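Good morning, and thank you for coming.

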Amino acid sequence: MKNIVVLCLLFFTSKIKAQELFVYTEPASNMPAKSVGLRLSNNWMNDDKANRINYFLLPEIMWGVNKNLMLHAEMIASDRTRKFGYEGWSLYGKYRFLSKDGVHNHFRMAAYARVSSNNSHIHQEEIEINANNSGYEVGLIATKLINKVAISASSSFEKANNNANNNKFPITHSNKAINYTLSFGKLMLPKSYDNYKQTNVNFMIELLGQSIVDRNKAYLDVAPSIQFIFNSQSRIDIGYRKQIAGNMIRMSSFGYLIRLEHLIF
Amino acid sequence: MKNIFLASLLLIQVNSFAQFTNADLQASGLTCSMCSKAIYKSLEKVSFVESITSDIKTSTYKIQFKKDVAVNFDDLKKAVTDAGFSVAVLKVNTLFNNVKIENDSHIQIAGNTLHFMNVKQQTLNGYKMITIVDKNFIPTKDFKKYEKLTTLKCYQTGKMDNCCSKAAITKSERIYHSTI
C-alpha cells in the first residue's frame with residue numbers, strides 16, 4: 001500500500017504528459033462520432049481455486065453513435081471448463097453529459113450501463129459481469145485533464161443475476177456490489193509530437209475496488225499497464241492486475257492482459 | 001501568378017467583394033495524437049475542405065478551402081465537436097477588396113453573413129484574418145467578455161433578429177459574429 005502511495009505521488013510530482021485511454025477502465029470521453037473500434041482482449045487470469053491460469057478471449061466492437069453516445073458489444077469465451085468455448089455476451093453504453101474543454105485540458109463526466117449474460121458456474125463472492133456473471137451495472141465516470149495530467153474516477157452499482165445454463169447465483173452470497181476506480185496515465189514517448197505516425201508509449205496505473213453490499217467483503221486491485229499506440233490509430237495494451245487488499249472469495253486475484261485495438265475513423 | 005490574378009481582380013473589380021481562402025483552427029480538450037488525428041479525419045470529411053496540415057503540439061489545423069465552394073463555419077465546428085472536442089479559435093483568412101466595416105455592421109461574404117464586433121470603422125483591402133467569436137467558436141470565458149461588449153440579442157443566438165433591423169435581414173438566418 002505504501003508503495004502505491006509513493007508511486008501515485010511520483011505521478012503528480014514528475015513532469016508528465018497524460019493519456020486517458022485507460023486499459024482497465026473507460027474514461028468519460030467518447031470515441032469520435034460515427035467511428036468504429038475493434039478490440040480483442042486476451043486475459044490470462046489465475047484460477048485461485050484450481051491454481052491454474054484460465055484464458056479469456058473477448059472480441060468487442062465499439063461504435064460512436066454520436067459525439068455523446070457510444071455503444072460496445074462484446075463476446076466472452078474462455079477455457080475455464082478445460083475446453084475453450086463461448087461463455088456469454090455483454091453490451092455497454094456510455095453517455096457523456098458534461099464536457100468543459102480548454103486548450104490542453106478538459107473535464108468530462110459520463111454515465112454508463114452494462115448488461116451481460118454468462119453461462120459459467122459461480123462459486124466466487126466477487127461480482128464481475130464483464131467475465132463471470134450475468135447481470136447489469138450502472139455508473140458514473142469523471143475524467144479531468146489538467147496541466148497535462150489525466151485522472152479518472154468512477155463509481156458503479158453492479159447486480160448479478162443467475163447465470164445461464166442453470167448456474168444459479170449462490171443464495172448465501174450478496175448479489176449487489178459497489179465498484180470504484182481511480183486511474184492515472186502518463187505519456188512516456190514521444191518526447192515531442194511531430195506527426196501522427198510516431199509511436200506513443202503510455203504508462204498507466206489504476207486502482208480497482210469492489211465492496212459487496214450487505215457483507216463486510218471488499219477487494220482492492222492495482223493494475224499497472226503499458227500501452228503502445230501506432231499511427232495514432234491502433235493500440236496494444238499490456239497489463240497486470242493484482243489484489244493488494246481483500247477478504248472475499250474471488251475467481252482470480254491476479255492476471256495478465258494483452259489487448260489489441262484498432263479505430264476506424 | 002497569384003499576384004497577377006489578384007492585381008487583375010483589383011483593377012477590374014469596381015464593386016467591393018471578399019472571399020474566404022483558408023483558416024487556422026485551434027481545438028481544445030485534447031493532448032494526445034490519437035485525439036488530434038480524430039479531429040483531422042473529421043475535418044477532412046467536410047465538403048469544402050481542400051487540405052489540412054496539423055500541428056499536434058498546439059492542436060492547430062491549417063485548413064485550405066476549395067476554390068469556388070461555399071464555406072460554412074458551423075460545419076467546421078461540428079466536425080470538431082463530433083470528434084469529441086471543442087473549437088478554441090477559428091481565424092479565417094479573407095481576401096477583401098474595398099469592403100467597409102464598422103461595429104454591428106453586416107457584410108455578406110461568399111453566402112455567409114458576418115456581423116462585425118469590436119472593430120474600428122475602416123475599409124478593408126487585401127488579406128485579413130477575421131476571428132469568429134460566436135458561442136462555441138471561442139472558450140466560454142472569452143464569449144462572456146464579448147457578451148459584455150454588446151446588448152444585441154443576435155450575439156446570444158447567432159441568428160438574425162430585430163436588433164439587426166438596420167440591415168436587410170431575414171429573421172433567424174445564421175449570422176456569424178466576427179472581429180479583426
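I shall speak about salt bridges, then about a nonpolar core, and finally about one phenylalanine.

Please keep in mind that this is a predicted model. Over all chains, the structure holds 20 salt bridges.

In chain A, the side chains of A:Arg114 and A:Glu74 meet in a salt bridge, with a distance of 3.9 Å from N to O. This pair links distant parts of the chain, for A:Arg114 belongs to strand β5 (residues 105–118) and A:Glu74 to strand β3 (residues 69–78), 40 residues apart. Both A:Arg114 and A:Glu74 are buried.

A further salt bridge joins A:Asp221 to A:Arg241, and here the closest N and O atoms are 2.7 Å apart. The two residues are 20 residues apart, with A:Asp221 in strand β10 (residues 217–230) and A:Arg241 in strand β11 (residues 234–246) of chain A.

Let us turn to chain B. There, B:Arg174 and B:Asp134 form a salt bridge through their side chains, at 3.2 Å from N to O. B:Arg174 lies in the loop between α5 (153–157) and β8 (176–179), and B:Asp134 lies in the loop between β7 (122–132) and α4 (140–147), so the pair ties together parts of chain B that are 40 residues apart in sequence. B:Arg174 is partly exposed, at 22% relative accessible area, whereas B:Asp134 is buried, at 2%.

Salt bridges also form a network in chain A, whose linked residues include A:Glu26, A:Arg39, A:Arg259 and A:Glu261.

I move on to the nonpolar core. The largest nonpolar core has 54 residues, and among those that touch the most other members are B:Leu25, B:Phe73 and B:Leu76. Which residues does B:Leu76 touch, beyond those up to four places away in sequence? Among them are B:Leu25, B:Leu43, B:Phe48, B:Ile63 and B:Leu90.

Finally, I come to A:Phe265, which lies in the segment after β12 (254–264) of chain A. Its relative accessibility is 18%, so A:Phe265 counts as buried. Apart from neighbours within four places in sequence, A:Phe265 is in contact with residues of chain A, including A:Pro32 and A:Gln233, and with residues of chain B, including B:Met34 and B:Lys45. By contrast, A:Ser154 is 27 Å from A:Phe265, C-alpha to C-alpha, and 111 residues apart from it in sequence.

Thank you for your attention.

Terms used: Residues are numbered from 1 along each chain as its sequence is written. Chains are lettered from A and ligands numbered from 1 in the order in which they are written. This is a predicted model: local features need pLDDT of at least 70, side-chain atom pairs count only at pLDDT 80 or more; totals for chains, interfaces and linings use all residues. Side-chain values use heavy atoms; hydrogens and water are left out. A salt bridge is a side-chain nitrogen of Lys or Arg within 4 Å of a carboxyl oxygen of Asp or Glu. Helices (H or I, at least four residues) and strands (E, at least two) are DSSP runs, numbered from the N terminus. Buried means under 20% relative accessible area, exposed over 50%, partly exposed in between (1.4 Å probe, protein chains only). A nonpolar core is a set of buried Ala, Val, Leu, Ile, Met, Phe, Trp, Tyr and Cys residues joined through side-chain atoms within 4.5 Å. Contact means heavy atoms within 4.5 Å.
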